[in-house]
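Come and read along with me.

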Amino acid sequence: MLTDPIADYLTRLRNAALAKHRMVEIPSSKMKKEITKILFDKGYILNYKFEDDTFPRTIKIALKYHPQTKESAITSLKRISTPGLRKYASVDELPRVANGLGVAIISTSRGLMTDKEARVLKVGGEVICFVS
């Protein structure tokens, strides 16, 4: 049993990107699926597939690399709010990652979204992680 499945998800992505793997397979959950969708929409991963018909349910993620330099699109993944110390931010306190070049993933009352979307909708919430 994992005490922090989101930290495990981010660590698996980080390790696969550092090892230059093309694919990574991660145990599935609703929150992990939403984070994966956000990473895909923002261009940090190449593609993903939810395998809900197999047991255990998994998410297969194709990592994205620069064609010439072979550098990963994900340079930094950092867990902010942990089970032992939750971090919340109001709409005025929402963090900026890498001066707006990165993304903060926020869990709001309207679901998971980026910091930019939360500012537009004027909602705050739990700061899950930073991606750049």
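Below are my entries on a sheet, the helices packed on it, and a hairpin.

**Entry: the model.** I reminded myself that this is a predicted model.

**Entry: the sheet.** I asked myself: in what order do the three strands of the open sheet lie? I found the order S1-S3-S2, with antiparallel pairing. Next I wondered why one side of S1 and of S2 is left without a neighbour in the sheet.

**Entry: one pair up close.** I then followed S1 to its partner, strand S3 (residues 58-63). Five bridges hold the record of this antiparallel pairing. As an example, I noted that proline 27 sits opposite threonine 58 in S3.

**Entry: the helices.** Which strands does helix H1 touch? I saw that H1 (residues 5-18) packs on the sheet and touches S1 and S3, with its direction at about 165° to that of S1. Helix H2 (residues 30-41) packs on the sheet too, and I listed S1, S2 and S3 as the strands it touches. The direction of H2 makes about 155° with that of S2.

**Entry: the hairpin.** Last, I turned to strand S6 (residues 103-108) and strand S7 (residues 111-114), which run antiparallel and are joined by four bridges. I noted isoleucine 106, whose bridge partner in S7 is methionine 113. How many residues does the hairpin from S6 to S7 pass through? I found that two residues make the link.

Conventions:
Residues are numbered from 1 along each chain as its sequence is written. This is a predicted model: local features need pLDDT of at least 70, side-chain atom pairs count only at pLDDT 80 or more; totals for chains, interfaces and linings use all residues. Side-chain values use heavy atoms; hydrogens and water are left out. Two strands pair if DSSP finds at least two bridges between them. Contact means heavy atoms within 4.5 Å. Axes are lines fitted to C-alpha atoms, for helices over the stretch in contact, and angles run from 0 to 180 degrees between N-to-C directions.
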